[in-house]
Amino acid sequence: MSINCSLWQENSLSVKRFAFSKFSEVPGECFLLFTLILLMFLVSLTGNELIAIAICTSPALHTPMYFFLANLSLLEIGYTCSVIPKMLQSLVSEAREISREGCATQMFFFTFFGITECCLLAAMAYDRCMAICSPLHYATRMSHGVCAHLAIVSWGMGCIVGLGQTNFIFSLNFCGPCEIDHFFCDLPPVLALACGDTSQNEAAIFVAAILCISSPFLLIIYSYVRILVAVLVMPSPEGRHKALSTCSSHLLVVTLFFGSGSITYLRPKSSHLPGMDKLLALFYTAVTSMLNPIIYSLRNKEVKTALRKTLSLKTSRAINR
């Protein structure tokens, strides 16, 4: 496919449109990947929607832990919708182009939701730490106001970083080539197409990764160290098991999300391989978003009970129609 990548505007060379690289020249491989990603996308949307509805409609789940989980589910819906539809289109059609404005919009929302998830996962770890280490003060330390502030800060941080990084990158000139060696407008592959010195942008991405990925991750580690210490001094095995069971789902989600994100954004530029970056991106955009509702529903009796009620209510409404 021939793409007119650039034109002269005000004496500076600037790309108007980008195109995503093809996953494979073999149509069968693209169709197979399309089918797998579509299934994961549908499972993710359905699962996260059901969890959000179940939490909102079940008074028993109106607690800080489930308040953050509802935020996480809504976030995952936005996260996958910002990337996967265009990814699916690029896999099965020749319409792999995206405008400069469309690319900037996709980059903003992807960064916005990604950074917000980092902060929300840290807030969830703090909540579990307060519940296990300071149970007598839990109601005051994790009041409705505190939870709302933590959620607002998480979403606000994602918005600020998303706007800053997107504006910083798209203030550069793109002289061509215009093919993004990726599935979507992620920061490193788009930055690789910019002309001129991009060292400041690379430093900004690294600093943002340190502050918004490593810092929440360190807070999560600190919270779980405190939790582990508190659990070890508990006298009864039942108490220890109950305390750890409330953390296992969150810990698994943290491992999946931060593991793939850290490998992608904290590696040196020289070690980036396009094929590996694509696989990692596929993992933290499609796979983890699909697994999150499965992990939380399978390992949590209260969520499973609320989901059964939600599904039965939806079924009865469908029958009455």
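Biologist: How do I read burial here: what percentage of the 321 residues of the chain count as buried?

Modeller: Buried means under 20% relative accessible area, exposed means over 50%, and partly exposed is in between (1.4 Å probe, protein chains only). In this chain, 48% of the 321 residues count as buried. Keep in mind that this is a predicted model, where local features need pLDDT of at least 70, side-chain atom pairs count only at pLDDT 80 or more, and totals for chains, interfaces and linings use all residues. Residues are numbered from 1 along each chain as its sequence is written, and side-chain values use heavy atoms, with hydrogens and water left out.

Biologist: And how many helices and strands does the chain have?

Modeller: Those are DSSP runs, numbered from the N terminus: helices are H or I with at least four residues, strands are E with at least two. Here you get 11 helices and five strands. Residues 31–54 are 100% helix and 0% strand, with 34 Å between the end C-alpha atoms. For residues 66–88 the figures are 91% helix, 0% strand and 32 Å. Both spans are among those that UniProt, in an unreviewed entry, lists as "transmembrane region"; such annotations may be inferred rather than shown by experiment, feature names are shortened, and positions follow the numbering used here.

Biologist: Where is threonine 35?

Modeller: Threonine 35 is in helix α1 (residues 27–57). Its relative accessible area is 29%, so threonine 35 is partly exposed. Leucine 88 is 53 residues away from threonine 35 in sequence, yet their C-alpha atoms are 8.8 Å apart.

Biologist: How many salt bridges does a search of the whole structure find?

Modeller: You look for a side-chain nitrogen of Lys or Arg within 4 Å of a carboxyl oxygen of Asp or Glu. The search turns up three. One joins glutamate 97 to arginine 17, with N to O at 2.8 Å. Glutamate 97 sits in strand β4 (residues 97–99) and arginine 17 in strand β3 (residues 17–20), so the pair ties together parts 80 residues apart in sequence.

Biologist: Which side chain does glutamate 179 meet in a salt bridge?

Modeller: Arginine 96, at 4.0 Å, N to O. This pair also links distant parts of the chain, 83 residues apart: glutamate 179 is in strand β5 (residues 179–180), arginine 96 in the loop between α3 (84–92) and β4. Glutamate 179 is partly exposed at 43%, whereas arginine 96 is buried at 6%.

Biologist: What does aspartate 127 form a salt bridge with?

Modeller: With arginine 128, the closest N and O atoms being 3.1 Å apart. Aspartate 127 is buried, with a relative accessible area of 1%, and arginine 128 counts as buried at 9%.
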